[in-house]
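Here is a short briefing for a first look at this structure. Please keep the sequence and the model in view while you read.

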Amino acid sequence: MYKVLLLNDDFTPMDFVVVVLEKFFGLSREQSTQVMLKVHREGKGACGLYPRDVAATKVEQVSEFSRRHQHPLACVMEEN
């Protein structure tokens, strides 16, 4: 299993991070806000735990969505 993480940067708006968490990870507004604040305060936050292929797909989806909206939001995966 792999953890999918969002990494903090100084440019991506907090609202955009919340939208990403709701759209790609199925989190509620409240859960998304909590993860976004963790990313903001601690530098990274876990979005979920997935099999390797699913995690890789989510990383690519978030990265592409962020690029399309001209934000540098980084999404990575690491083995759990």
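Helices (H or I, at least four residues) and strands (E, at least two) are DSSP runs, numbered from the N terminus. This is a predicted model, where local features need pLDDT of at least 70, side-chain atom pairs count only at pLDDT 80 or more, and totals for chains, interfaces and linings use all residues. Residues are numbered from 1 along each chain as its sequence is written, and side-chain values use heavy atoms, with hydrogens and water left out.

**Helix H1**

- H1 covers residues 14–25.
- Gly 26 follows H1, and its phi is positive, near 65 degrees.
- Phe 16, Val 17, Val 18, Val 20, Leu 21, Phe 24 and Phe 25 of H1 are buried. Buried means under 20% relative accessible area, exposed over 50%, and partly exposed in between (1.4 Å probe, protein chains only).
- An α-helix has 3.6 residues a turn, so residues three or four places apart point the same way.
- The buried residues of H1 pack against strand E1 (2–7), helix H2 (29–42), strand E2 (44–50) and helix H3 (52–68). Contact here means heavy atoms within 4.5 Å.

**H1 against H2**

- The two helices, H1 and H2, pack at an angle of about 125 degrees, with axes 9 Å apart. Axes are lines fitted to C-alpha atoms, for helices over the stretch in contact, and angles run from 0 to 180 degrees between N-to-C directions.
- H1 and H2 are therefore oblique to each other. Angles under 35 degrees count as roughly parallel, over 145 as roughly antiparallel, 65 to 115 as roughly perpendicular and the rest as oblique.
- On the H1 side, the contact is made by Met 14, Val 17, Val 18, Leu 21 and Glu 22. H2 brings Arg 29, Ser 32, Thr 33, Val 35, Met 36 and His 40.

**Met 1**

- Met 1 lies in the segment before E1. At 51% relative accessibility, Met 1 counts as exposed.
- Beyond its neighbours within four places in sequence, Met 1 is in contact with Leu 49, Tyr 50, Pro 51, Glu 79 and Asn 80.
- Met 1 and Asp 53 are 52 residues apart in sequence, and their C-alpha atoms are 9.5 Å apart in space.

**His 69**

- His 69 sits in the loop between H3 and strand E3 (74–79). Its 38% relative accessibility counts as partly exposed.
- His 69 and Phe 16 are 53 residues apart along the chain, with C-alpha atoms separated by 9.3 Å.

Notes
The expected span of a helix is 1.5 Å times one less than its number of residues.
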